[in-house]
Amino acid sequence: VGDGGHGAVAAVGLSREPDVIITTTLSKSLGSQGGAVLGAEAVIAHVVDSARSFIFDTGLAPVCVATASEALRVIVADPALAERACRNAVALRDIAAAAGLRTTRPAAAVVSIVIGEPGAAVAAAALMAERGVRVGCFRPPSVPVGTSRLRLTARADLTDDDIARAADGLRAIAAG
């Protein structure tokens, strides 16, 4: 999200504000695991000393930190990657919508496609896998009852063949 993939906070002009605290995931845009809290030193010290969710959590594995750090270096070196990932997400969303599937315009590289019932979502995920496309499948309690869904994650390096393969699967899901 945002210019060069700098994130939503930067997109709204708040990234350099001293009173802004940012929580971020390292899994979505950086392909790692875990998350981070970014803010002033005093805020970080307070989180480390008093936040139960931090105190009773396991620290990130060094490989996860290294992965996120390297991914960040790649994004900074080539800001067009974020734009390509978002463009591919919009293409996937448009294909799903044209097939009659319920989705919303992605704000970033994740495309959520509401299928409805859990069994139908699991079957849809299996259909996509048969066509060589791995998707997330979310069911209650992760999402509200009746809104089980697939989650496609677009990448900057998707080829026309990748998009076509996903489109084939989405059309097959829509056809029932």
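User: How many bridges pair strand 4 with strand 6?

Analyst: Strands are DSSP runs of E with at least two residues, helices are H or I runs of at least four, and both are numbered from the N terminus. Two strands pair if DSSP finds at least two bridges between them. Strand 4 (residues 110-116) runs antiparallel to strand 6, and the bridge count is six.

User: What kind of model am I looking at?

Analyst: Residues are numbered from 1 along each chain as its sequence is written, and side-chain values use heavy atoms, with hydrogens and water left out. Local features need pLDDT of at least 70, side-chain atom pairs count only at pLDDT 80 or more, and totals for chains, interfaces and linings use all residues; the model is predicted.

User: Which residue in strand 6 is the bridge partner of Val-114?

Analyst: Let's walk along the pairing. Gly-116 stands opposite Ser-148 in strand 6. For Val-114, the partner in strand 6 is Arg-149.

User: Which strands stand at the edges of the sheet, and why is one side of each left without a neighbour?

Analyst: Four strands make an open, antiparallel sheet in the order 3-4-6-5. Each edge strand has a single partner strand, so one side of it has no neighbour in the sheet; the two are strand 3 (102-103) and strand 5.

User: What angle does helix 6 make with strand 6?

Analyst: Helix 6 (residues 118-130) packs on the sheet and touches strand 4, strand 5 and strand 6. Contact means heavy atoms within 4.5 Å. Axes are lines fitted to C-alpha atoms, for helices over the stretch in contact, with angles from 0 to 180 degrees between N-to-C directions. Against strand 6, that gives about 30°.

User: Is Ser-148 buried or exposed?

Analyst: Buried means under 20% relative accessible area, exposed over 50%, and partly exposed in between (1.4 Å probe, protein chains only). Ser-148 sits on the covered face of strand 6, along with Leu-150 and Leu-152. Its contacts include Ile-113, Ala-121 and Phe-138. At 0% relative accessibility, Ser-148 is buried.

User: Which peptide bond is cis?

Analyst: Most peptide bonds are trans. Look in the loop between strand 5 and strand 6, where Pro-141 lies. With omega near 15°, the cis bond is the one from Pro-140 to Pro-141.

User: What is the relative accessible area of Phe-56?

Analyst: Phe-56 lies in the loop between helix 3 (52-55) and helix 4 (62-77). Phe-56 counts as exposed, and its relative accessible area is 63%.

Notes: Lists of a residue's contacts leave out its neighbours within four places in sequence.
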